[in-house]
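Work through the exercises below with the structure open. Try each task before reading its solution.

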Amino acid sequence: MKTVFRVLAASLLVLLLMPQPIQAGGDKTEDPYEMGEKYFGRDDYRQALQYYRKALGQNDVRAHYRIGLIYEDAGKDRDALKHYQRFIDLGRPGKFRDDAVRRSRNINERISRGASGSGPLLERGKSLFVEGKYREAEQVLLEAAVKDENDPEIHFYLGEVYMELEDYVKAESEYNKAKAYY
């Protein structure tokens, strides 16, 4: 009787210690794109990205659009652009394709601005900010804002600079300008 009890107890313990996805049927049987959508909906972009990559391996074109969104949100414009372009080339016409076209255009504009407009000034201002040279960063970022008043990143960093300089009124103003673009 003790042997039967020990076998049952050991079996129960093994079942309890098994990882949850295996116990629930596992993710392997589910469509990778749909699993990516579940994680995307929960804002767990790292997990979503893993499943979307698996979906790409199964030639699911929709995953290019979602990966583009994740990369764009992470500030990886060139990676996002690559996936949007692939989605545009392979995807069917519709609202997601139209959105990918619009987003690609915006990214291309940001990239071209960065090469000639306020981009170098913004990068210099960010570097000065990181170095703790807040007054110098303020001047460079203000110059960048003159070149491109509509860049939310410039206003965000100006807000950060003003927070460090304890000028909270200006900081709030700059954060509000940055927020207006989102």
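This is a predicted model.

**Exercise 1.** Sort the residues that line the second largest pocket into nonpolar, polar and charged.

Solution. The lining divides into six nonpolar, two polar and six charged residues. The volume of this second largest pocket is about 240 Å³. It has 14 lining residues, and R62, F87, G91, R92 and F96 are the closest to its centre. Next, find the elements behind the lining. Helix 3 (32–41), helix 5 (62–73) and helix 7 (95–116) each give two or more residues.

**Exercise 2.** Find the buried residues of helix 3 and decide how they are placed around its axis.

Solution. Start with burial, which means under 20% relative accessible area. In helix 3, P32, Y33, M35, G36, Y39 and F40 are buried. These residues cover an arc of only 160° around the axis, so they lie on the same side of helix 3. Now look for what covers them: helix 4 (45–57) and helix 5 are included. Finally, check the residue just after helix 3. There D43 takes a positive phi of about 65°.

**Exercise 3.** Which residues of helix 4 are buried, and what covers them?

Solution. A48, L49, Y51, Y52 and A55 are buried in helix 4. Their cover includes helix 3 and helix 5. Just after helix 4, N59 takes a positive phi of about 60°.

How values were computed. Residues are numbered from 1 along each chain as its sequence is written. This is a predicted model: local features need pLDDT of at least 70, side-chain atom pairs count only at pLDDT 80 or more; totals for chains, interfaces and linings use all residues. Side-chain values use heavy atoms; hydrogens and water are left out. On a 1 Å grid over the protein atoms alone, a cavity is a set of points where a 1.4 Å probe fits but cannot get out, and a pocket is an open set with protein on both sides within 12 Å along at least five of seven lines; lining residues have an atom within 4 Å of a point. Grid points are joined across faces, edges and corners, and a volume is the space filled by probe spheres set on the points. Helices (H or I, at least four residues) and strands (E, at least two) are DSSP runs, numbered from the N terminus. Ala, Val, Leu, Ile, Met, Phe, Trp, Tyr, Cys and Pro count as nonpolar, Asp, Glu, Lys and Arg as charged, and the others, Gly among them, as polar. Buried means under 20% relative accessible area, exposed over 50%, partly exposed in between (1.4 Å probe, protein chains only). The arc is that of the directions from the helix axis to the C-beta atoms. Contact means heavy atoms within 4.5 Å.
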